[in-house]
Amino acid sequence: MEKTLLENLQRKRPIIDCIDLTENGPKPSFIDLNTGEYCNRKCVFCPRFDSSQYPNQHLYMKIDLAKKISKDLKSLDFKGIINICGYGEPLAHPEICDIVAILSDAAHVEIVTNGDLLKLDLIKDLYKAGISQLVISAYDGPHQIPKFEKLMNEADIPNSLFNIRKRWYSKEEGYGIKLTNRAGFLNNGNELIDQSRSCAYPHYSLTIDWNGDVLLCVQDWYKKLKFGNLFADSIEDVWFSKRMNQYRKNLIKGRKCAGFPCSNCDADGLVFGKSHLETWTKYFYN
């Protein structure tokens, strides 16, 4: 496994794998936040590669929603990570520093970016706003690493507060990422899906879309399965809702029991989340 990827996983694991148990079950430890529906790149392993199927749109999260998320997480006493990545390029959001400042008041905030829009002033502003970690995916080649390192050093950002991930590998090497079919949205060559296999994503992570919709998980690019909207519901109420719990119970039995979109998905959420899956299983069946 690539050294920088391993370091990134080891850094996150103590936070994400920590079980914060309540009488209603374990709290989420990872919030995947989609702040916008636009990306400046079209990667072959991403649904946005085909604009006829998944077009770019200039739709962005409003400041009011960021404030609501922050309020809800404080109320929940959330101790995990907010990961700003989702379905678009986070740095394309015109108010990304304001959103980071609001959310960092409630939790550890990370951004995953392709790095194309990074400038010295923006880097400084992001860290002033309270970002905890910047994860840069370098897609073009090794020549990008010195460029990004120079920018971060000029901004006086310690090496421990950013990661540069190698993402320029070939198709045969999986592009340097853990490839999935995005809940069946893509054909990545892995057509055999074990329908009896469970998945940990809904057991530890919550995905919030730019408009406040709470989605099943970040793998679901269809976005057809929604569990509420944060302009009307709280994060706590959605996370512990009967509907979401029923979906978790079904998914523990296997993706066939859970149905669409899980039955079409080859992800399992076990890079993180195994301990949460086991805890929810005990909660439901012990």
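Visitor: In which loop does Pro261 lie?
Guide: This is a predicted model; local features need pLDDT of at least 70, side-chain atom pairs count only at pLDDT 80 or more, and totals for chains, interfaces and linings use all residues. Residues are numbered from 1 along each chain as its sequence is written, and side-chain values use heavy atoms, with hydrogens and water left out. Helices (H or I, at least four residues) and strands (E, at least two) are DSSP runs, numbered from the N terminus. Pro261 lies in the loop between helix H9 (255-258) and helix H10 (274-285).

Visitor: What is omega for the peptide bond from Phe260 to Pro261?
Guide: Take the bond that leads from Phe260 into Pro261. This peptide bond is cis. Its omega is near 5°.

Visitor: How many helices and strands does the chain have?
Guide: Both kinds of element are present. The secondary structure comes to 10 helices and 10 strands.

Visitor: What is the radius of gyration of the chain?
Guide: The radius is taken over C-alpha atoms, and the globule rule is 2.2 Å times the number of residues to the power 0.38. For 286 residues that rule gives 19 Å. The chain's value is close to this, so the chain is as compact as a globular protein of that length. Its radius of gyration is 18 Å.

Visitor: Which residues of H3 are buried?
Guide: Buried means under 20% relative accessible area, exposed over 50%, partly exposed in between (1.4 Å probe, protein chains only). Helix H3 spans residues 96-103, and six of its eight residues are buried, so H3 is largely enclosed by the rest of the structure. The buried ones are Ile96, Cys97, Ile99, Val100, Ile102 and Leu103.

Visitor: What covers the buried residues of H2?
Guide: Helix H2 has 14 residues. Its buried residues include Ile63, Leu65 and Ala66. Contact means heavy atoms within 4.5 Å. The cover includes S3, S4, H3, strand S8 (205-208) and helix H7 (235-239).

Visitor: Is Arg182 buried or exposed?
Guide: Arg182 is found in the loop between strand S7 (162-166) and helix H6 (201-204). Its phi is positive, near 55°, in a residue other than glycine. With a relative accessible area of 14%, Arg182 is buried.

Visitor: What is the relative accessibility of Ala183?
Guide: Ala183 is found in the loop between S7 and H6. Its phi is positive, about 60°, although Ala183 is not a glycine. Ala183 counts as buried, with a relative accessibility of 3%.

Methods
Expected span 1.5 Å × (residues − 1).
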